Amino acid sequence: MSHDVPVTPAKAKAASAGGWLDTLARLGLGLLFILGTIAYVVWFRDGQSSPVLVVAAVFGAYMAMNIGANDVANNVGPAVGSKVLTLGGALVLAAIFEAAGAVIAGGDVVGTIRSGIINPDLIADSQTFVWAMMAALLAAALWLNLASAVGAPISTTHSIVGGVMGAGIAASGLAVVNWDVMTGIALSWLVSPLMGAGIAAGFLYLIKRTITYRQDMVAAAHSRVPALVALMAWAFATYLLLKGLNKLVPVGFGAAVLAGLGVAVVVYFGSKTTIARRSGELENSKAGINRLFGLPLIFAAAMLSFAHGSNDVANAIGPLAAIVDVVSNTVVSEKAPIPFWVMALGALGIVVGLALFGPRVIRTVGSEITELDPMRAYCIAMAATLTVILASQLGLPISTTHVAVGAVFGVGFLREYLKTNYSRIVEDIKSHHPDGDQPALDEFMARFSAATIEQRGQMLAELKLDFKRRQGPDYLVKSDRKLLRKQHRKELVKRSLVLRIIATWIITVPASALLAALSFYMLRGMLLT
């Protein structure tokens, strides 16, 4: 019997009003952060501010907030979707490690032109360069804001790249763009999600074949989960040295891999002892095995957030640091020092944006595309880490956002394929038993469910061979079996959301470029008057 309480018009109106109040409160807090940025630049920089610098700092703060609102979801979304972390816990963890990564390992020098997108020598003067960087920041932030509003996880790097390209073209024409770099970025739209999807699906299939498809899952987990956790430790230690701490302690690829291997050995024996101690209390089910992946996922979310903060804070403060450098020295440098206040602004902006507006995209990545559990979230984290390491060594330009979301797609579509395939197998089994012979069908299905994968293949082969020998009018014809298979197709990935995300990926660079060009003309017109 249903006990649902009907929603009255008054309750619906109250809920709507509460939603609007919550939105206004978040916007108000975001505005306070922007006003705080203005106050600092105007009053606490010992007279070193200017109207241009104030506006640029506002754009940088706005960009940092939008990075926190959108990009951080890739790091903690799977852990939240798999219920290893609560949304509140994930926000706190990500805020701490994002800020720590930005301030501790964000570096003290950044290239003034992101990824060599444009040639600054072709820009007429330093003032025009400042306008271009301001336009790039504003355009990238606006595009990220729009994507976050609809819950679409997009690449912040691609947003700022498009912004720099569009502003550069507006300032100095098409010749200013390094088209070889842009071609590589365009290729990454395809490479990044495919690599992430393939690696994540491969890990999930490995876990299913070696653990969850076994009769004694606990025994299988005892021998294999320590190796999986150690592999994660190896990948994350290597990743952190290469991408998170490289500005503090420069380490080559070989040294990072060896250091990661040392961490993996320690983790392997530690996790083996822990799992052996817990074996008696684990139930022989997927739910029981999932409990073993909880703690590693929390560490993964923390390390991904730290590495993200140390790297992607440059998307917010890189152009701002370039503007500060030009305002101070009146020349465009290839490398610009990052004042501590600029680094702190980027770190704080990411934390504020994450806390105020991050939950929307976190829910998209964690639960709306497909259902996640700790094992699937483990596969996504491994795919994101390994893909970044592999791509960086191959010199492939990739987007971490595309990798992480592509990994979610890969896990979802593999689950869909396996579920659909199992449904087809069940229909095949039913079609090879005469109508009315339910006891025989039930007995076969009981043996089939308890069998290993190899035994199932043998059972199906024997059943079909027996069917050919005894085929008669009581059996379904081939066309009927095809119809039944179609009716049992499973869809475990939300198609409309996948298409919406891919569409935003495709148009991110051109959209932010167009916004940047328009912003450049607007800013130049306003600042010249």
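**Burial, a helix and a surface patch**

Of the 529 residues of the protein, 51% count as buried, buried meaning under 20% relative accessible area, exposed over 50% and partly exposed in between (1.4 Å probe, protein chains only). This is a predicted model, in which local features need pLDDT of at least 70 and side-chain atom pairs count only at pLDDT 80 or more, while totals for chains, interfaces and linings use all residues. Residues are numbered from 1 along each chain as its sequence is written, and side-chain values use heavy atoms, with hydrogens and water left out.

Colleague: How many residues of α2 are buried?

Modeller: Helix α2 covers residues 51-70 and reaches 29 Å from its first C-alpha to its last, close to the 28 Å expected, which is 1.5 Å times one less than its number of residues. Helices here are DSSP runs (H or I, at least four residues), numbered from the N terminus. Helix α2 is largely enclosed by the rest of the structure, because the buried residues number 17 of the 20.

Colleague: Which helix gives the most to the nonpolar patch?

Modeller: The patch, about 540 Å², is made by L231, W234, L258, L261, V265 and F269. Helices α8 (217-244) and α9 (253-278) each supply at least two of its residues. With four residues, the helix that gives the most is α9.

Colleague: Does W234 count as buried, exposed or partly exposed, and why?

Modeller: W234, one of the patch residues, is found in helix α8. Because its relative accessibility is 30%, W234 counts as partly exposed.

Conventions: Patch = residues over 30% accessible without salt bridge, like charges linked within 9 Å, V, L, I, M, F, W, Y side chains within 5 Å. Areas by Shrake-Rupley, 256 points an atom, 1.4 Å probe, with all protein chains shown as cover. Salt bridge = Lys/Arg side-chain N within 4 Å of Asp/Glu carboxyl O.
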